[in-house]
Amino acid sequence: MIIRKSLPSDATALYKLEQELFCTENFPLSRGSFVYHIKNNLLYVAEINEVVVAYVLVLIKRSNAKLYSIGVSKLHRGKDIAQKLLTTVIQEIKALRFSKLLLEVRIDNKAAISLYTKLGFHTLKRLKRFYLDGCDAFLMELKYVNKKLYSSL
Ligand SMILES: CC(C)(COP(=O)(O)OP(=O)(O)OC[C@H]1O[C@@H](n2cnc3c(N)ncnc32)[C@H](O)[C@@H]1OP(=O)(O)O)[C@@H](O)C(=O)NCCC(=O)NCCS
């Protein structure tokens, strides 16, 4: 498995993966959005046998970094791919001198909440009816990087 920065030529593969990961109500990104984010934000992919099987997207706005999305193809879940992708992007954010990384997550997304908690995120607050279907979100933050945890991955 290879983790690398995305390239403009990944846009179609990312769009296909997005269709598998997120249904319409979750506003899957369009191919054009991927083209934009590859150019303007931090987007890393995981590749197995030259196939893109996962990605992570962090939006960079002035002094803020926000984890917008992370997803792993169903076939490849439970192999630490999300953890490795997130660790890679956290290291990059640190290198870019952002002091924290924020994200919102559905309160019913147990796998994602567990992943974020494992990597050191903590909940700042609960956002009522944040999603269109009425589901609440947790606003989570990672303020610093625990070197021991990340160097062991
Ligand atoms: C959430 C998601 C990205 C995890 O990807 P993954 O590669 O399978 O996760 P990893 O193998 O790296 O697991 C790392 C940690 O995440 C948590 N985790 C992952 N899958 C889990 C599950 N099904 N149930 C509970 N915790 C889970 C665990 O803490 C795990 O650590 P552990 O193995 O020591 O228990 C994946 O399930 C996914 O793509 N879901 C659909 C998209 C999504 O909901 N994205 C998040 C919101 S944008």
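1. Aromatic pairs: a search of the whole structure finds three, where rings of Phe, Tyr and Trp (its six-membered ring) pair if their centres lie within 6.5 Å. One of them joins Phe130 and Tyr131, edge-to-face, with 5.0 Å centre to centre and 80° between the planes. Planes under 30 degrees apart count as stacked, over 60 as edge-to-face and the rest as tilted.

2. This is a predicted model: local features need pLDDT of at least 70, side-chain atom pairs count only at pLDDT 80 or more, and totals for chains, interfaces and linings use all residues. Residues are numbered from 1 along each chain as its sequence is written, and side-chain values use heavy atoms, with hydrogens and water left out.

3. Phe130 is partly exposed at 37% relative accessible area, and Tyr131 is also partly exposed, at 21% (buried is under 20%, exposed over 50%, partly exposed in between; 1.4 Å probe, protein chains only). Arg106 lies over the face of Tyr131, 5.4 Å from the ring centre; the criterion is NZ of Lys or CZ of Arg within 6 Å of the ring centre and within 35 degrees of the ring normal.

4. Polar contacts (N or O atoms within 3.5 Å): a ligand nitrogen is 2.7 Å from a polar backbone atom of Ile70. A ligand oxygen is 2.9 Å from a polar backbone atom of Gln83, and a ligand oxygen is 2.5 Å from a side-chain N or O atom of Ser114. The protein covers 69% of the 920 Å² of accessible area that the ligand has on its own (Shrake-Rupley method, 1.4 Å probe).

Technical notes: Polar contact = N/O pair within 3.5 Å; in protein donor to acceptor, adjacent residues only side chain to side chain.
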